[in-house]
Amino acid sequence: MAALSSSVTTRSYHSGYLASFSPVNGDRHRSLSFLSASPQGLNPLDLCVRFQRKSGRASVFMQDGAIVTNSNSSESKTSLKGLKDEVLSALSQEAAKVGVESDGQSQSTVSITVVGASGDLAKKKIFPALFALYYEGCLPEHFTIFGYSRSKMTDVELRNMVSKTLTCRIDKRANCGEKMEEFLKRCFYHSGQYDSQEHFTELDKKLKEHEAGRISNRLFYLSIPPNIFVDAVKCASTSASSVNGWTRVIVEKPFGRDSETSAALTKSLKQYLEEDQIFRIDHYLGKELVENLSVLRFSNLIFEPLWSRQYIRNVQFIFSEDFGTEGRGGYFDNYGIIRDIMQNHLLQILALFAMETPVSLDAEDIRNEKVKVLRSMRPIRVEDVVIGQYKSHTKGGVTYPAYTDDKTVPKGSLTPTFAAAALFIDNARWDGVPFLMKAGKALHTRSAEIRVQFRHVPGNLYNRNTGSDLDQATNELVIRVQPDEAIYLKINNKVPGLGMRLDRSNLNLLYSARYSKEIPDAYERLLLDAIEGERRLFIRSDELDAAWSLFTPLLKEIEEKKRIPEYYPYGSRGPVGAHYLAAKHKVQWGDVSIDQ
Ligand SMILES: NC(=O)C1=CN([C@@H]2O[C@H](COP(=O)(O)OP(=O)(O)OC[C@H]3O[C@@H](n4cnc5c(N)ncnc54)[C@H](OP(=O)(O)O)[C@@H]3O)[C@@H](O)[C@H]2O)C=CC1
Ligand SMILES: O=C1O[C@H](COP(=O)(O)O)[C@@H](O)[C@H](O)[C@H]1O
């Protein structure tokens, strides 16, 4: 056991289970106390070790029978709450293992209300993710799912609707039908307006019936258009909050459309919620390879020492989709690709990529480091940005529509469906290194990747064998986020034979070849984290402010000056301007080279 401050106040583990947490010493050490009878036969050390292994997020020690965390002082109430939930869940698992009734979970319930249940995202992502979690045994023992929206539906109709969407990966497995039936029995529906206290009070009543007197924990997932976020939060918090457990709200993007509107949204939400109740989702943070970024960097000696301007020439974040805005043009036209993809998904990945080593894996420590990166970024110059919009294109006898052919898009819209930008981080680690971003719809392929291009080998003995273009012969690390998740490193290698010819070959970690387990959808990870109170993958308000501060001046300039996008054919590689932009910064896009 690690010895911590002797003034830590503790209660005997054997006399209780976790019920509260409290600051200790007013400084770095905090304790989690167990207040009532704990399951017999639990080994506190085992619990502690299991907890550490499971969370990998905070240092947790047992001392005098209490669990103590020594995360740094930036640790907030927030992370401690998360810790509490995890400990409860670990405790309950231990209890189940030794066959005693746990007084942790069996006394608490989690009610998940999908607000906007009739909508696209709910059907496409949220219900399937909840089912996948249920299938995997990740949901708590007592849980209830409620759909809430204006559409009139019975519980049975909701279940029918949801069952049609459970065509996710999970239903290919054995016993899926049975599991699906069990899951659907836990799904209910309440029809109501988003701004009606009365309707949320009715929801509250129904939730209470299902909670059956247990400690109630409530998660609201706002899967509705942003203009009604605040109404729904107001009603949920004032009329349907938990009285004895936690209440959390997952908010979907867009979080405003610039610094002002985002700040206004945050202010409005904070009228009804504490920051630690708000879970701003960026589903790219829930993607497996994005989650793995820190593991790659911080647990492999060979990468972190190279992770700086000294060895890295440029970094590229590339997002492309091979379909247009079909069906979502109305939403998209008000935002454009910079707000839709760059300001959030790509910038979040950039921050994770470039941050300094956090003090710990605690959510606040990681988010502190990400904010520092965002705040160190140089304002984006409009001349460092290329924008494009797709136009109609006929190929193989098929005509693909232009962006403005979408009936929900205003005629003559200048909204960019493609953008490329050069960004810089003005700090000691990254001074002068171009971070290039490229995002587009209706391109030739669907992919998301991070490309790290390293500098050339000084005085390379094999220059003669690699050709005159030194940059062509440098190492490149590619993290392919999707599809076909992979990490590969391009190296120079001798082509077997009697001569001395080098080629570029890949050291390739292709996930489908290495791991048999299917990769969970990002929404599964994020929903589970929200239930467990883990905030690491959610956006804190200061991160959001910093992200908007970076992009708002650029967006204003593009929009006020009515900058004309460069038109590119549907299904192409995007505007050629993106290549000129890269060339200006002595970069070649990695996704267009012959040996991608
Ligand atoms: N769909 C997607 O792939 C993604 C969506 N998002 C975000 O998630 C949220 C939900 O998206 P999505 O499901 O596509 O949205 P929808 O447009 O499908 O709306 C969800 C539900 O909200 C209700 N609703 C729609 N418009 C209004 C309105 N003007 N006033 C009141 N209620 C309305 C409808 O339910 P009812 O009429 O029954 O009340 C609808 O079923 C949005 O914030 C979106 O930006 C983020 C990333 C991807
Ligand atoms: O947030 C969004 O993401 C999707 C792409 O998500 P993915 O997980 O399918 O890669 C994008 O289509 C949409 O425009 C955007 O709002």
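Helix α3 (residues 120–135) gives the most to the shell around ligand 1, supplying three residues. That shell, like everything described here, comes from a predicted model. There are 18 residues around ligand 1, and the ones that come nearest are G119, L121, S149, R150 and S151.

Ligand 2 has its own set of neighbours: H283, E321, D340 and A448 surround it. Sorting the shell around ligand 2 gives one nonpolar, one polar and two charged residues.

Now for strand β9 (residues 247–251). This strand is mostly covered, with five of its five residues buried.

What does β9 pair with? On one count, strand β8 (residues 215–222) pairs with β9 in the parallel sense, over five bridges. One pairing to look for is F220, whose bridge partner in β9 is V249. To get from β8 to β9, the chain goes through helix α7 (residues 229–239), and this β-α-β crossover is right-handed.

Strand β10 (residues 278–281) also runs parallel to β9, and three bridges join the two. Here V251 has R280 in β10 as its bridge partner. Together with helix α8 (residues 259–272), β9 and β10 make a right-handed β-α-β unit.

Notes:
Residues are numbered from 1 along each chain as its sequence is written. Chains are lettered from A and ligands numbered from 1 in the order in which they are written. This is a predicted model: local features need pLDDT of at least 70, side-chain atom pairs count only at pLDDT 80 or more; totals for chains, interfaces and linings use all residues. A residue is near a molecule or strand if its C-beta atom, placed from the backbone, lies within 6 Å of it. Ala, Val, Leu, Ile, Met, Phe, Trp, Tyr, Cys and Pro count as nonpolar, Asp, Glu, Lys and Arg as charged, and the others, Gly among them, as polar. Helices (H or I, at least four residues) and strands (E, at least two) are DSSP runs, numbered from the N terminus. A residue is buried if 20 or more other C-beta atoms lie within 10 Å of its own, exposed if 12 or fewer, and partly exposed in between; C-beta atoms are placed from the backbone. Two strands pair if DSSP finds at least two bridges between them. A crossover is right-handed if, with the strands pointing away from the viewer, the path from the first strand over the helix to the second runs clockwise.
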